[in-house]
Amino acid sequence: MHLANNCLLPYVDFGWYFGVNTSADCDVIRFYIDFCKDFGVVAAIAVVDVGTIVMIKVTAPGIVSLT
């Protein structure tokens, strides 16, 4: 259980999220927690996609020269 800005933030283990109270201050904190989590997931997917594209560009000339 965490306390931030008078909002109790219990961590829900089975859902991997922080629960918050329903007040105006807690809504702001919940928005930033959700935004950071979602942004992190999107950033991780983008890094994997860019890595895949780079690996395709690096290995494609070697595959074409073999055929």
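**Helix, strands and a nonpolar patch**

Q: What helix and strand count does the chain have?
A: The chain has one helix and four strands. Keep in mind that this is a predicted model.

Q: Which pattern do they follow along the sequence?
A: The order is β-β-β-β-α. The helix, H1, covers residues 24-66.

Q: How much of the chain is buried?
A: Of its 67 residues, 10% count as buried.

Q: And the accessible surface, how much is there?
A: About 5,600 Å² for the chain. Carbon and sulfur atoms hold 72% of that.

Q: Which residues make a nonpolar surface patch?
A: Val28, Phe31, Tyr32, Phe35 and Phe39 do. Their patch comes to about 560 Å².

Q: Where is Phe31 found?
A: Phe31 sits in helix H1. Its relative accessible area is 49%, so Phe31 is partly exposed. The cut-off for exposed is over 50%.

Q: What about aromatic pairs, how many does the structure hold?
A: One. It is formed by Phe35 and Phe39, with ring centres 6.1 Å apart.

Q: Why is that pair called stacked?
A: The ring planes of Phe35 and Phe39 are at 20°. Planes under 30 degrees apart count as stacked.

Q: How far apart are Phe35 and Phe39 in helix H1?
A: Four residues, so about one helical turn separates them.

Q: Is Phe39 buried or exposed?
A: Phe39 is exposed, at 53% relative accessible area. Phe35 is partly exposed, at 46%.

Q: Switching to contacts: what share comes from residues 24 or more positions apart?
A: They account for 9% of the chain's contacts with a separation of 6 or more.

Conventions. Residues are numbered from 1 along each chain as its sequence is written. This is a predicted model: local features need pLDDT of at least 70, side-chain atom pairs count only at pLDDT 80 or more; totals for chains, interfaces and linings use all residues. Side-chain values use heavy atoms; hydrogens and water are left out. Patches are made of residues with over 30% relative accessible area and no salt bridge: like charges are joined within 9 Å, nonpolar side chains (Val, Leu, Ile, Met, Phe, Trp, Tyr) within 5 Å. Accessible areas come from the Shrake-Rupley method with a 1.4 Å probe; for residues, only the protein chains shown count as cover. A salt bridge is a side-chain nitrogen of Lys or Arg within 4 Å of a carboxyl oxygen of Asp or Glu. Helices (H or I, at least four residues) and strands (E, at least two) are DSSP runs, numbered from the N terminus. Buried means under 20% relative accessible area, exposed over 50%, partly exposed in between (1.4 Å probe, protein chains only). Rings of Phe, Tyr and Trp (its six-membered ring) pair if their centres lie within 6.5 Å; planes under 30 degrees apart count as stacked, over 60 as edge-to-face and the rest as tilted. Contact means heavy atoms within 4.5 Å.
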